[in-house]
Structure formats: C-alpha cells, structure tokens
Amino acid sequence: MSAIQRITCSTAVGIALALFAFGCGEQSETPAPAKPAADKPAQPAAKAPAPAAKPDTAPAEGAAVEADPAAGKADYQIFCASCHGPTGDGDGPVAQALDPKPAKHSDGNYMNPLEDEYLFQVIKFGGASVGKSPMMAPVGGSLSDQQIRNVIAFIRSLADPPYRR
Ligand code: HEC
C-alpha cells in the first residue's frame, strides 16, 4: 500500500466511521427516551399500601413496607410466647397464672374476624386500652410500629382455619 493509498484509505475509513457513528447516534437516540419508564418495574409502587412503615426500623431485606412474618416470629418468641405459647396456643408458662387466659392466636375462628388495626392497638397500647385484661401488656415501648406489624403478620400465619385478607 502506498502512502497516498493509505491516506485515502484511512480517510475513507474515517468518513465511513463518522457516517456510521452519526447514523448510529441518530438511530439509538430514538428508542432511548422510551426506556426510563420501563426501567423500574411498577411493583414497589403497587406494594405500598401501608403508610405506617418506618424505614428506620425496617427489616434488613428492604421489605420496609411489607410486614415480615419471619421477623415477627422472632419478636413473638421474645415478647409474646411466655403467655401466648410459642405457636400461639395460649399455653406459655405464664398462662397458667392468668385469668383471663391469653388469647389463642392459633384459633382462627376467634382471631380472623379481628381487624389488623384492632390487633395493632391491643399489642401497642395493651389490653386495657380496649377494655381487655391489663395482663395483656403494651409493647409499644419495646417494639416499633413496623415490628408490631411483623408480629401481626406472624400471628395471622398461625390461624387455623387460615386467615385470609
Ligand atoms: C404477660 C402475659 C402476656 C404477654 C407477654 C402477652 N400477652 Fe397478649 N394477652 C394476654 C392475656 C391475658 C390476654 C387476654 C386478655 C383478655 O381476654 O382480656 C391477651 C390477649 C391478646 C390478644 C387478643 C385480644 C383480644 O381481643 O382478645 C392479642 C392479639 C394479643 N394478646 C397479642 C399479644 C402479642 C402480639 C404479644 C407479644 C407482643 C402479647 N400478646 C404478649 C397476655 C399476654
């Protein structure tokens, strides 16, 4: 290849590249603006009905909005099982001494008609706040609102017949 040929050739390649790049640029610009809308799936927005979610105490999985029954189970064993029993049968070691007895969270016939907001009230502010036994102690000082919602989700999972929203 002579020097002139090389220059001509590389010029041609340069022009071709320039055209190519220009052509590409133009082509790819058109579909690009349409993308952002499809980037984020609509899922998180659709899943955000719980306004009381507290990000500061959210479980690690990023499920800040959804109640997490597994996390609720852990707190239940610590704060509730002594009276309500590990599986919500109302047979915790402290239950014997109590009258009235701790509710059976496994009893779906009793528990399922109770609204989430009512359960939240009982758990956070205690039985006395709804005219129930003060032995049903408030845990609002120990558990965040999100943790209480997790506990409620766990309680719901114990119900037989099963709880359905
Ligand atoms: C010191 C014992 C004790 C502990 C601990 C305890 N409870 Fe209770 N709980 C009771 C008793 C007693 C009742 C029954 C109150 C009544 O029927 O008047 C009750 C009732 C309930 C009820 C039913 C309310 C109703 O309308 O019948 C729910 C729900 C409940 N407890 C949730 C919890 C949760 C969740 C925890 C843990 C965060 C917890 N309790 C911890 C003793 C306890």
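**A close look at one residue and its setting**

A: Leaving out residues up to four places away in sequence, Tyr110 touches Ala103 and Lys104, contact being defined as C-beta atoms, placed from the backbone, within 7 Å. The model is predicted: local features need pLDDT of at least 70 and side-chain atom pairs count only at pLDDT 80 or more, while totals for chains, interfaces and linings use all residues. Residues are numbered from 1 along each chain as its sequence is written.

Tyr110 belongs to helix 6, residues 108-111; helices here are DSSP runs of H or I with at least four residues, strands are runs of E with at least two, and both are numbered from the N terminus. Tyr110 counts as exposed because it has 12 C-beta neighbours inside 10 Å. By the cut-offs used, 20 or more other C-beta atoms within 10 Å make a residue buried, 12 or fewer make it exposed, and values in between make it partly exposed. Pro161 is 51 residues from Tyr110 along the chain, and their C-alpha atoms are 9.8 Å apart.

The chain as a whole has eight helices and zero strands. Of its 165 residues, 19% count as buried. Among contacts with a separation of 6 or more, 50% join residues 24 or more positions apart.

Just after helix 7, Gly126 adopts a positive phi of about 95°.

The largest nonpolar core comprises 16 residues, and those with the most contacts inside it are Leu119, Ile123, Ile148, Val151, Ile152 and Ile155. Such a core is a set of buried Ala, Val, Leu, Ile, Met, Phe, Trp, Tyr and Cys residues joined through C-beta atoms within 7 Å. Helix 7 and helix 8 are the elements giving two or more residues to this core, and helix 8 provides its largest share, six residues. Apart from neighbours within four places in sequence, Ile152 is in contact with Ala67, Gly72, Asp116, Leu119 and Phe120.

Methods:
Two residues are in contact if their C-beta atoms, placed from the backbone, lie within 7 Å.
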